[in-house]
Amino acid sequence: MSTTIPIGPFHPVLEEPEYITLQVEGETVLSADIELGRIHRGMELLAEEKTFDQDVFLVERICGICSASHSWAATLAMEDIGGITIPDRARYLRTIVHELERLHSHMLWVGLAGHIIGYWTVFMWGWKYREPVLDALEAITGNRNNYAWYCPGGVRRDVPDEVWPPVLKSMDEFAEKTNLLIGAILNDPVILGRLKGVGILTKEDAIAYGTLGPTARGSGVDIDVRRDESYGAYDEVDWKVITQPDGDCLAVAVVRLLEMIEATKIIKQCIKNLPKGEIRSEVREIPRGEGIGHIEAPRGESFHFIRSNGTNMPVRHKMRAPTFLNIPSYRPRVKGETISDATLIFAVIDPCYSCTERMAAVDPGGKRIANGHDLIKLSHEKTEWLKKNL
Amino acid sequence: MASTLRLVLSFLIFPGLLFTAVIGLVTQWIDRKVSALVQWRVGPPWYQPFADVLKLMGKEIVIPAGARRAGFLIAPMAGFAAIGVVSTMLWLTNMHGTGFVGDLIGVIYLLTIPSLGIILGASASSNPLSSVGASREMKLVLAYELPFVIAIFTAVTKVSPMTLRLDGILEYQAANGVLLGNASCILAFIVCILVVQAKLTYPPFDIPEADTELMEGTHIEYSGAALAVIKLQQAMMLFTLPIFLITVFWGGLVLSGWGILYTIVKYVIIIVIIVLIKNTTPRVRIDQAVRFFWGPVTVIAVVGMILAILGF
């Protein structure tokens, strides 16, 4: 006889409201069902009502952690439409901020993973190690998050030279601490006992489910947009794509930890080889046309599609966050595991729901019955109703 | 009549419920402060555990719709009372030497009551996460009781003449030095520390509560004063279990002169060991925990027992 165990909609593991139901027998999970759609924000519709310049600020707010990734992908799409080439210095500056973002995102995940397996010390230490990265971001861009750094044609501000030496120093320290953490995690028998062989995603499944980023690389799928379709300064610096063959939680953790070391290498090389010159090429208008921009966000590939009709606003701006493709891989992963590991396996993709969720109202036949404007009207009516009745 | 009154007072006030609760909460503050230092945090002020419990006392008790009311509410009280009794027995034995035949067995028995209370309450609350927590707690109790009993009886074997009276064990230690001086009892003591970790449901054995898996599992449905009683019971266990180990293995509590300082040092050492284990291990899975207790821990306990029989 199986029992239903709910995880969510509100749960200590989920930063955002989501609902997962597990069918369990004893402690063994038979199957899992994931119900998305609790934190939809109407980003795509909003993007169509703003100018290209404003759009960059908007997409930055899709995710508090991948804010550089989304805005870079959006500007890449705009530059793709206009055929705009950007100055070398801007390419390097963009790369530095993007990699710093990867550092703090991965460190945040390490802390969260520690929290999920009940290891509070790792949680606190991980987040403490993350702080200098945010300080570096603040020194470079002026903000800890939502950097307002990318704009069509380049970056928004130049960075004075005296900023770089402390950033280089903090990268060295960060790499040292990360190496310490890698040693501590790989030598702790209890952590290995919790992570090794748990939640295995085979290479075939990883490809079949279309997983991206560290989730795929942890299963031995050798993909990385930074190398495969290079952008920014990635083809001019020396780094390597990290893959692990096992596909279990440990493999994904190792991928993330080693990627942090690679990221510090990329940042240091970019700072050392930083070209002088312009930071922005002038963009007069985005012409009629379609463009795509995709980049390797910390969680996988972020994809942006923009269609322009020659006005100052996009007529369509489609965004896809990596979590959208990574979430379904939870089902093959969790089958046969215990409840204890269910939340850990879920967190292993580093899910980010509010970035993922889009909404469409369709009838059972699949026909669209309401567009974005109708949904906004419904939402307004609901608010009015609440105001009157509460 | 007067002696009955004295007994009731010693159960309710000193060294029973009230005293144990107050010292337990102070110990909990030490635990939180040391954990904070390990984790590079500041940690709460000294009155925080008291404030938490007082605030909970004033809150509404919500009883879930499908719950069995009586079982749900009585369960926390059972554990609370049992720990009060244990504390009273230990302190009276240490202070006045008032034991009775078999009080050691009584203490071991009473120390399982809180776990049973938690299982009862969790099962009565009709929450699926609670029942998973309850089943885990049950497995955990089954896992750690065997090595715990073997370890305690190692001390009993070591004492000559063999006795099941706590004051007998204390008298032997007063005459022949603490039991912790023997190899067999050191092994038994290590086993007991691990078991205490599980009895307190501290990491790595916080499996029944597991906030990131079961959202506090066994007491997810508790609120208000009922939750306060559970929190108090946990604080009291944090105080009583080290006192029990000191009594059995480490010469008991000396409450005069420099002995007071020595007693406090012994107590703080055990607390710090517990807190350090808590902060340097992640939570294990229930199957790993059961394997751990029935495997290596039981083996260590049995080795200790054999050494004790051989006279080490």
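User: Which residues line the largest cavity, and what makes a space a cavity?

Analyst: The lining consists of A:Trp109, A:Val110, A:Ala113, A:Gly114, A:Ile117, A:Tyr119, A:Val122, A:Ile185, A:Ile191, A:Leu195, A:Ala253 and A:Leu257. A cavity is a set of points on a 1 Å grid over the protein atoms alone where a 1.4 Å probe fits but cannot get out, and lining residues have an atom within 4 Å of a point. This is a predicted model, in which local features need pLDDT of at least 70 and side-chain atom pairs count only at pLDDT 80 or more, while totals for chains, interfaces and linings use all residues. Residues are numbered from 1 along each chain as its sequence is written, chains are lettered from A in the order in which they are written, and side-chain values use heavy atoms, without hydrogens and water.

User: How many nonpolar, polar and charged residues does the lining of the largest cavity have, and which helices supply it?

Analyst: There are 11 nonpolar residues, one polar and no charged. Ala, Val, Leu, Ile, Met, Phe, Trp, Tyr, Cys and Pro count as nonpolar, Asp, Glu, Lys and Arg as charged, and the others, Gly among them, as polar. Helix 4 (88-116), helix 7 (189-195) and helix 11 (249-272) of chain A each give at least two residues, and helix 4 of chain A gives the largest share, four residues. Helices (H or I, at least four residues) and strands (E, at least two) are DSSP runs numbered from the N terminus.

User: What is the volume of the largest cavity, and how many cavities of 30 Å³ or more does the structure hold?

Analyst: The largest cavity has about 130 Å³ of space, and the structure holds three cavities of 30 Å³ or more. A volume is the space filled by probe spheres set on the grid points, which are joined across faces, edges and corners.

User: What makes the largest pocket a pocket, and what is its volume?

Analyst: A pocket is an open set of points with protein on both sides within 12 Å along at least five of seven lines. The volume of the largest pocket is about 980 Å³. Its lining has 38 residues, and B:Asp31, B:Tyr202, B:Glu209, B:Lys231 and B:Lys278 are the closest to the centre. By class, 13 are nonpolar, 12 polar and 13 charged. Helix 2 of chain B contributes the largest share, five residues.

User: Why is A:His317 called buried?

Analyst: Buried means under 20% relative accessible area, exposed over 50% and partly exposed in between (1.4 Å probe, protein chains only). A:His317 has 0% relative accessibility, so this residue counts as buried. Its place is in strand 8 (residues 314-320) of chain A.

User: How do you know that the side chains of A:His317 and A:Asp55 make a polar contact?

Analyst: A polar contact is a pair of N or O atoms within 3.5 Å; within protein, one must be able to donate a hydrogen and the other to accept it, and residues adjacent in sequence count only if both atoms are side-chain atoms. The A:His317 and A:Asp55 side chains are joined at 3.5 Å, and those of A:His317 and A:His304 at 3.0 Å.

User: Why are strand 6 and strand 7 of chain A said to pair?

Analyst: Two strands pair if DSSP finds at least two bridges between them. Strand 6 (residues 289-297) and strand 7 (residues 300-308) of chain A have nine bridges, in the antiparallel sense. The two strands form a hairpin with two residues between them, and A:Gly289 stands opposite A:Ser308.
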